[in-house]
Amino acid sequence: MMRPAAQQYVVTRPLYSEESFAQDHEKIYRHRKTMLDHVKQYFTCDTKRAKNTALSLLPVIGWMKAYRFKEWLLGDIVSGVSTGLVAVLQGLAYCLLASLPPWYGLFSAFFPVIIYFFLGTSRHISVGPFPVLCLMIGSAVTRLVPDEGPAFNITGFEGLTRDEQRVLVASSVTVLAGIMQLAMGVLQVGFVVMYLSDTLVSGFTTAAAIHILVSQLKFVLGLEVPGISGPLSLIYTLEIIFNKITSTNVCDVVISIVIMVVVFIVKEINDRFKSKLPVPIPIEVIMTVIACGVSYAFDFKTRYGIDVVGYIPKGYEAPVAPNPQIFQETAVEAFPIAIVGFAVAFSVAKVYSIKHDYTIDGNQELIAFGVSNIFGASFRSFAASTALSRSAVQESTGGKTQVAGLLSAVIVMIVTLAIGFLLEPLPKSVLGAVIIINLKGSLMQFREIPYLWRRDKADCVVWLSSCIGAFLLGLDLGLAVGLGVELISVILRTQFPRCSLLANIRGTDIYKDRKDYINIYEPEGVKIFRIPSPIFFANIEFFRNKLVEAVGFNPLRVLRKRNKALRMIRKLLKKGKLQWTSIGFLNTSCGPINESEDESNMEELDQPTDFKDFPARIDWNAELPANIVVPRVEIHSLVLDFAAVSFLDISGLKGLKALLKELIRVEVEVYIVPQHTKLHDCSFFDDEVQSSMFYLTLHDAMLHILEKHPEPTQKKSDYEKIITSVTAHHPPGSLRSRDRNVGISLKLCFSLSMVFEK
């Protein structure tokens with residue numbers, strides 16, 4: 001840490017207003033592109049741009065040219081095999097969340113991976129089923145094809161079994177979500193995912209974890225529970241489970257508990273000794289193989305009546321066309337699926353891109369996932385994204401590129417084509433237990449609530465709203481609720497910002513909130529007001545009210561009172577009841593003079609005070625004749641700190657100009673720091689509001705005020721030290737001659753000189 005003396009600096013320069021600074025320092029003119037220029041540039045094509053476009057649409061060309069076979073191939077092979085085994089297990093397990101036959105999960109772990117290999121920009125994420133998306137798919141599936149009762153009347157359902165109808169719904173929803181992702185990628189609107197804050201996603205995924213947990217209870221307990229979708233579906237599902245709790249299959253419960261305990265312990269070992277283990281122990285795969293063998297050897301299905309995976313057909317099915325009528329029925333569900341799928345994948349990809357120092361393209365990721373989902377759904381897979389646990393396996397086992405992802409797809413293909421029958425005796429309770437134990441990370445996010453409440457209550461409200469909304473209303477409506485609350489919180493923060501009065505930290509050129517510091521300097525008659533947000537139509541009235549509260553008077557009310565007083569004084573002078581003398585006004589009336597309540601010509605009261613027919617200007621802070629009372633204005637200068645004002649709209653400009661005029665008309669000098677470029681573009685200035693009120697820094701404005709309104713002698717001694725000049729010193733010969741001519745030199749050990757000279 002540097003010593004305090006080494007952190008001080010002194011600089012000498014003129015006092016600058018914006019006008020004087022512009023005169024001394026010439027600005028570079030920059031041509032601003034119009035909308036037409038951007039459109040022309042977008043549609044302009046040449047050889048270089050065509051090549052760049054091809055490379056951006058097929059990122060595999062770029063990284064394959066730089067592929068280091070000797071260094072990366074072995075790691076990709078080990079990673080691909082490890083990830084493939086996990087992908088097989090998760091494909092079977094997560095398919096239960098989508099209310100589909102388990103083997104369709106293998107399709108989702110294969111087809112999207114192939115497309116992402118060519119189109120994706122991330123080298124480390126493992127593409128495939130994601131539990132939250134599977135649950136959202138399952139919600140749409142069970143709504144259109146419920147477990148009990150008839151399916152929706154949709155053309156194309158005729159002659160299909162219930163499972164085939166559900167597969168058609170899942171593939172159609174996936175195609176629609178893929179189309180939405182592809183359209184957003186082509187239109188370059190990948191930025192929309194930025195509206196899903198980490199807080200919102202955390203609350204949403206926590207609620208999704210609860211939904212997933214409840215949905216797997218029926219497999220863990222061995223109960224037959226119909227799928228329920230819509231608001232309060234979680235409550236209704238729990239009610240059914242508790243009503244049927246006496247029918248629990250003890251064998252399923254024992255298997256699930258054993259699986260969860262063993263997997264939990266080994267996962268903790270993996271986390272604690274990950275620096276010493278060459279690869280994480282694939283405990284889920286090991287326990288699945290063991291459970292599958294034990295179930296086959298002891299014939300669990302027949303002897304204990306447990307539900308198993310059952311028949312897994314070999315090979316792949318013929319492509320299927322999506323159903324347009326299902327598009328109409330599921331458009332509301334497809335959009336959040338598209339957004340959540342991309343948001344999760346992009347977040348994970350961004351983590352690994354930063355860790356391994358390469359860039360990812362959000363719009364290209366949208367295109368990659370859009371095409372992956374459209375292509376995969378044609379072969380009966382469902383919406384793909386990435387699972388953090390699977391991506392962690394791919395990265396931690398040595399995966400360097402998507403070659404590892406391609407090899408994992410090969411492993412899945414081998415299982416699908418050749419050895420899938422070995423998984424037929426696998427109990428579904430094992431898959432349910434694996435899913436539940438992998439929810440630990442999501443459920444532990446509840447620990448964020450106290451932290452968020454202490455740090456930022458608005459973010460805590462967003463977290464709770466998205467979590468409770470998704471918990472009670474379902475994932476699609478819950479996401480909408482969370483997004484709505486988040487946008488409202490942003491609006492409220494900008495509409496009602498924390499405005500403050502600033503004061504000079506004595507002996508420096510630094511200005512801070514006067515409530516936060518003790519050793520401050522506030523010249524008499526000067527206020528410095530800071531607004532830390534844009535000024536626009538929604539908060540201009542709030543800005544005005546806060547400023548009136550800060551200065552202690554309403555300028556419009558004071559102006560009207562003064563003009564009414566002038567009107568009355570003119571009448572009294574005309575009638576001879578008042579006379580002007582060298583010592584002021586003299587009341588020549590015998591009795592008291594009452595103030596007139598004439599309210600005619602109210603528009604004139606808002607105009608600047610006019611002293612043209614008066615012998616002298618009136619001191620409004622002195623005692624006035626004829627019982628006239630006008631509110632006093634205790635300040636002579638107001639500095640507005642607009643450093644944090646990022647933009648002003650037309651309503652904000654109009655309101656600001658009206659407020660400035662009111663202040664100027666009551667003889668308050670207004671200074672604004674710094675100047676906003678939009679003010680020149682919108683003809684903001686006139687005879688009253690002039691560009692000379694803008695200063696470069698708060699300190700420049702304050703020094704100008706102190707020069708124009710000197711402090712009384714008896715008070716000046718208390719505040720002698722305010723920084724007015726800074727000179728920096730540098731060792732001889734360390735600066736070029738041109739730099740010396742500027743009059744600023746630097747020294748390794750800086751010294752501070754703070755002397756106020758009148």
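A salt bridge is counted here where a side-chain nitrogen of Lys or Arg lies within 4 Å of a carboxyl oxygen of Asp or Glu. The structure on display is a predicted model, and by this rule it contains 21 salt bridges.

**Stop 1: a link between helix 8 and helix 15**

Select Arg143 and Glu333. These two residues form a salt bridge whose closest N and O atoms are 2.8 Å apart. The pair joins distant parts of the chain, since Arg143 belongs to helix 8 (residues 131-144) and Glu333 to helix 15, 190 residues apart. Arg143 is partly exposed, because its relative accessibility is 26%. Glu333 has a relative accessible area of 8% and is therefore buried.

**Stop 2: further along helix 15**

Remain on helix 15 (residues 324-356) and select Ser353. Its relative accessibility is 5%, so Ser353 is classed as buried. With neighbours within four places in sequence left aside, Ser353 is in contact with Tyr358 and Ile360. Next, display the ring of Tyr358 together with Arg123: Arg123 lies over the face of this ring, at 4.8 Å from the ring centre.

**Stop 3: an aromatic cluster**

Select Trp103, Tyr104, Phe107, Phe110, Phe111, Tyr316, Phe375 and Phe379, which together form one aromatic cluster. Across the whole structure, a search finds 28 aromatic pairs. For Phe107 and Phe111, the ring centres are 6.5 Å apart and the planes meet at 70°; with angles over 60 degrees counted as edge-to-face, the pair is therefore edge-to-face. Phe107, at 2% relative accessibility, counts as buried, and Phe111, at 7%, also counts as buried. Phe110 is buried, as is Phe111.

**Stop 4: a nonpolar surface patch**

Helix 12 supplies the largest share, five residues. Ile265 lies in helix 12, and its relative accessibility of 45% means that Ile265 counts as partly exposed.

**Stop 5: salt bridges within a helix and beyond**

Select Lys546 and Glu549, a salt bridge with its closest N and O atoms 4.0 Å apart. Both residues lie in helix 24 (residues 540-551); because they are three residues apart there, about one helical turn separates them. Lys546 is partly exposed at 29% relative accessibility, whereas Glu549 is exposed at 59%.

Then move to Lys657 and Asp686, which form a salt bridge with the closest N and O atoms 3.3 Å apart. Lys657 lies in helix 27 (residues 650-665) and Asp686 in the loop between helix 28 (677-681) and helix 29 (698-708), so this pair ties together parts 29 residues apart in sequence. Asp686 is partly exposed, with a relative accessible area of 26%.

To finish, select Asp147, Arg162 and Arg166, which are linked in a network of salt bridges.

Notes. Residues are numbered from 1 along each chain as its sequence is written. This is a predicted model: local features need pLDDT of at least 70, side-chain atom pairs count only at pLDDT 80 or more; totals for chains, interfaces and linings use all residues. Side-chain values use heavy atoms; hydrogens and water are left out. Rings of Phe, Tyr and Trp (its six-membered ring) pair if their centres lie within 6.5 Å; planes under 30 degrees apart count as stacked, over 60 as edge-to-face and the rest as tilted. Buried means under 20% relative accessible area, exposed over 50%, partly exposed in between (1.4 Å probe, protein chains only). A charge sits over a ring if NZ of Lys or CZ of Arg is within 6 Å of the ring centre and within 35 degrees of the ring normal. Helices (H or I, at least four residues) and strands (E, at least two) are DSSP runs, numbered from the N terminus. Contact means heavy atoms within 4.5 Å.
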